[in-house]
Amino acid sequence: MATTSARTGEIRVLSAAAMREIVVELGEKYAPTGIKLVPEFTRSPLVRDRIGDREPFDIAVTTQARIGELAKANKV
């Protein structure tokens, strides 16, 4: 099921704050396509918690360990 953001030309990104510079740069590269990255930055454990709480997102950027935790819980 597509998220609301996918239907509106936006990609919602939940990201660890340490990846801010890279995610922002990617967003700038997508701008000419009409697709807008909408990033939210927080600490890596909070990315995991927000996904665990079923917060909608299109892309998650966090540590390999956090992705592993989410995969074990069938959240990604």
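**Exercise 1.** Determine whether Asp 49 is buried, partly exposed or exposed in this predicted model, and identify the residue with which Asp 49 forms a salt bridge.

*Solution.*
Step 1. The relative accessibility of Asp 49 is 32%.
Step 2. Buried requires a value under 20% and exposed a value over 50%, so Asp 49 counts as partly exposed.
Step 3. The salt-bridge partner of Asp 49 is Arg 48, with 3.0 Å between the closest N and O atoms.
Step 4. Arg 48 has a relative accessible area of 23% and is likewise partly exposed.

**Exercise 2.** State where the salt-bridge partners Arg 66 and Glu 69 lie, and classify the accessibility of Glu 69.

*Solution.*
Step 1. The closest N and O atoms of this pair, Arg 66 and Glu 69, are 3.3 Å apart.
Step 2. Both residues belong to helix α4 (residues 64–72).
Step 3. Their separation is three residues, about one turn of the helix.
Step 4. Glu 69 has 33% relative accessibility and is therefore partly exposed.

**Exercise 3.** Explain which parts of the chain are tied together by the salt bridge between Glu 55 and Arg 12, and name the network that includes both residues.

*Solution.*
Step 1. In this salt bridge, the closest N and O atoms are 2.6 Å apart.
Step 2. Arg 12 belongs to strand β1 (residues 10–16), whereas Glu 55 is in the loop between α3 (44–52) and β3 (59–61); the pair therefore ties together parts 43 residues apart in sequence.
Step 3. Arg 12 has a relative accessible area of 18%, and is therefore buried.
Step 4. A network of salt bridges links Arg 12 and Glu 55 with Glu 40 and Arg 50.
Step 5. In total, the structure contains seven salt bridges.

How values were computed. Residues numbered from 1 in each chain as written. Predicted model: local features only at pLDDT ≥ 70, side-chain atom pairs only at ≥ 80, totals over all residues. Heavy atoms only, no water. Salt bridge = Lys/Arg side-chain N within 4 Å of Asp/Glu carboxyl O. Helix = DSSP H or I, 4+ residues; strand = E, 2+ residues; numbered from the N terminus. Buried < 20%, exposed > 50% of the residue type's maximum accessible area, 1.4 Å probe, protein only.
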